[in-house]
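Hi,

Could you have it open while you read them?

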Amino acid sequence: MKRCLALLLALALAGCSSSGGPTGKNSTSAPPLVIHAVDAGTFQEDFNPYHLEGVNFGTSGMIYETLMYFNKLKPGEIVPWLALKYEWSDKGKSLTFTLRPGVKWSDGQPFTADDVAFTFQMLKDHAQLNTSALEIKDARALAPDKVRVDFRTTSYAKLYNIAGGSPIVPKHLWDKQQDPATFTNAKPVGTGPYKLSKFSAQLYEMEKNPSYWQPGKPEVPLLRFPAYTANALQTALQQGEVDWAGAFVPDIQKIFVQGKPEQNKFFFPPAGLVSLLPNLTNPVLARPEVRQAMSLAIDRDKIVKVAERGYTKVAHPTGVPMPGGEAYVPPEYKDAAFKVDVARARELLKGVNPAELKFTLLVPSPFTDWVNAAQLIREDLAKVGITVETRGVAFQDWVSKVGKGDYELSIRGAEGGPTPYFQLRFMLFGGLFKPVGEAASGNYERWKDAATDRLIEEYAATDDLAEQQRATQGLGRIMVEKLPQLPLFYSPGWAQFRTTKYVGWPSEQDPYAMPSPYTSPDAAVVLLHLKPAVK
Amino acid sequence: MRFLARRLGFYLLTAWAAVTLNFLIPRLMPGDPVELLVARMKGNVDPAAIDAMRRAFGISDASLWQQYLDYLGNLAQGELGRSITFFPAEVSTVIAGSLPWTVGLVGVATLISYLMGTSLGVLMAWKRGTWLDGVLPAATFMHAVPYFWVALALVFVFGVTLQWFPVSRAYGLDVMPGLTGEFAGSVVYHAALPAVTIVAASMADRILGMRNVMVTTLGEDYVVMAEAKGLTSRRVMWAYAARNAILPNITSFALSLGFVVGGSVLTEIVFSYPGIGSMLLKGVENEDFPLMQGIFLVISLAVLVANFLADLAYVVLDPRTRQESE
């Protein structure tokens, strides 16, 4: 009532009466789903799936689809999507896809091999769209349902980027564009389960694509994406405005669950790995026994409980995300776990001059959980005689310092990929090594090891799953035995959802896709699994 | 006229200095927009593609001097470049989309704050010793406590607890922007709480300024004369005393119009208002040089124009300034 009063007042102030009437379509009884994917004050009208940040969420997945779907929570699980199968030839330099018949663009045109060839040709011609750095030589349609992409180098390891990370766009609309790099695509036409139906700077909506190739799907008729900034979202979650969000919530039981764990659920699976980075160009930190001692001294359980509010789990010593990554863990370390052993740590440090055990731990101060973790690490390391001074700096400063190797200790995350190899390559690959002073884009601790690089090359040189797993196990072994980085905990993928309107969300028992609404194309896979809740 | 020409010359020089600082300051920040982007995307970008992105964003390794010349050249053609945060949106589009919200909200709030503050100041000077005296300490208190604290307290009480007003956005989600009564109503409803906080936090200055000048004016002979003539007290208060006392307040109003464009960054952040302040914050977070430069440019030009208007207003309102300048 009070709200009505205020509204009346506002209307009176505006000096007009509303003609009103409910907006949106009511073709089915199923209610719309309100989604928060990324923090945004306002949306720009950009639905080009190859734009990195300006693009509105849902463009890839809901509107544009990929050839295959890779489930990151079950490494190795590949689901045929727009393509039914793929086949490598020419020693990993040529990849042939057989396409799914009967798929249509949302404007009624048939989806063919020409569209796929056009998409990869476009990536080849416009380097700034090629964010996976695919080394495409040529892309050709062999038949209406067959397309071959040729690469300049062996590209087995990039299968995910090619088939799972490159949304296919329609040739008949895109080839008219002069510059696809700046094309904002205000009226997107895709093969996906949804079509853009409404756009304003504060809200956009997607409605069901009635001619979608999966019959009877999706069952959610309308998606609404309101613009929420980070603090406005917390209020919205508390008031129950949002059905599906991917956000850090400070006190999730109080703000979101509100005593109804069956209705207001959350699932935070591992989406990456957060580690303590020792700068290996520092002569003291380059000594393995020092890193070993540090690892033994750090109480990771406490960090997860106190700094991370129990939202995540302590990492497996190999750094491989668990559960899910079992096949990629060396068998002898399957049950390995971090254990605190102060006595053993002191033993290891006996031969080191205590005066040298003084380090600065650099953390980005906006990441308050990492700042807390750094404090705990400082306390733990003090117990074994290592003096650590924690220093919080601005995000920009931290990115620049860690990138250039201008630090002693820091905390940083590595994103998980479709298999643990992607994460370990990012963390350890000598090809990413940069001397101190030059900005690196991976391998920030500056690890240089011939055995590591050989394993990474072995993985990249084969299509055989068992071979790839064996190579990744080797990398896991290096992580445990040589400690180039000190894994702390998994960085969680955030997902909060309500089961009042729809059920069928991913769970620990059934991790069919990443549950976070900001992960694409996983979010579309989740939407295709949802069913109206029966009352 | 010479006075005006001299002022104009001074403003042109200031504008050049502002433009140059706009160019330099963002470049003094540590880091690089592409590195930040990669860090934020958490490895979803292949390092090998970083060079390509640099090129796409128009980030060059050219010398600072060359960049400065390019920047001036583009500026002369009204070209502000493309935003990095909202790539490939043009900076001018981003500013055009957010400026109206800020000007509308902060502009109207500033106007209300002046009208209310000035009227209250007049009344308080006229009715000294009554309960009205209590308004000033209250207003000063609101002015003295940190602005965001007032805003957060109001959000908590009226937005979250009582739920009388929405706490974020510029209009409701169920209305489409357009020239409809529904949309206008929603905009006003959503602007209410942020506007109230701006007014509450800024009114003390206006009250104090007006009351003090008014008290002095009330002691002038012509006011006594007007009273002696037997004019109504309302006429004396407004037409004789207030009219002469309002001069400083008008100047400060003209000056504060310039800061309207700069917006209240804090207001916009607390209320998630889609104005220029929120954009500036986003630009700074992402080291979006083109966007920051564009916004700073608009802000500094607005301040200069407002200063110029204040100068003009003074010349028009106060004959003495005209005489001295010739």
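**Salt bridges and what else turned up**

E289(A) is partly exposed, with a relative accessible area of 24% (under 20% is buried, over 50% exposed, and partly exposed lies in between, using a 1.4 Å probe and protein chains only). Before going on: this is a predicted model, so local features need pLDDT of at least 70 and side-chain atom pairs pLDDT 80 or more, while totals for chains, interfaces and linings use all residues. Residues are numbered from 1 along each chain as its sequence is written, chains are lettered from A and ligands numbered from 1 in the order in which they are written, and side-chain values use heavy atoms, with hydrogens and water left out.

Back to E289(A): its side chain meets that of R287(A) in a salt bridge, at 3.1 Å from N to O (the rule is a side-chain nitrogen of Lys or Arg within 4 Å of a carboxyl oxygen of Asp or Glu). R287(A) is partly exposed too, at 28% relative accessible area.

E458(A) and R470(A) make another salt bridge, and their closest N and O atoms are 2.7 Å apart. E458(A) sits in helix α13 (residues 450–460) of chain A and R470(A) in helix α14 (residues 465–482) of chain A, so this pair ties together parts 12 residues apart in sequence (helices are DSSP runs of H or I with at least four residues, strands are E runs of at least two, and both are numbered from the N terminus). Both ends are partly exposed: E458(A) has 33% relative accessibility and R470(A) has 39%.

The side chains of R148(A) and D150(A) also pair up, at 3.0 Å from N to O. Here R148(A) is partly exposed at 26%, whereas D150(A) is buried at 9%. There is a network as well, in which salt bridges link K198(A), E205(A) and R224(A). Over all chains, the count comes to 16 salt bridges.

**Backbone details in chain A**

Where are the cis peptide bonds I looked at? One runs from K217(A) to P218(A), with omega near -5 degrees, and P218(A) is in the loop between β9 (203–208) and β10 (222–226). Another goes from S520(A) to P521(A), with omega near 5 degrees; P521(A) lies in the loop between β19 (502–503) and α15 (522–529).

Two residues to check for phi: K91(A) has a positive value near 55 degrees without being a glycine. K91(A) lies in the loop between β4 (83–89) and β5 (94–99), and counts as exposed at 72% relative accessibility. Q258(A), also not a glycine, has a positive phi of about 50 degrees. Its place is the loop between α6 (252–257) and β12 (264–266), and at 34% Q258(A) is partly exposed.

P330(A) is in a loop as well, between α8 (300–307) and α9 (342–348), but P330(A) is buried, at 0% relative accessible area.

**Chain B**

The secondary structure of chain B comes to 15 helices and zero strands. Of its 326 residues, 47% are buried, and its C-alpha atoms fill a box of roughly 85 × 60 × 35 Å along the principal axes. A89(B), in the loop between α4 (64–76) and α5 (91–126), is buried at 13%. Its C-alpha atom is 43 Å from that of V315(B), which is 226 residues away along the chain.

**Cavities**

The structure holds four cavities of 30 Å³ or more (sets of points on a 1 Å grid over the protein atoms alone where a 1.4 Å probe fits but cannot get out, with lining residues having an atom within 4 Å of a point; points are joined across faces, edges and corners, and volume is the space filled by probe spheres set on them).

Cheers

Notes. On a 1 Å grid over the protein atoms alone, a cavity is a set of points where a 1.4 Å probe fits but cannot get out, and a pocket is an open set with protein on both sides within 12 Å along at least five of seven lines; lining residues have an atom within 4 Å of a point.
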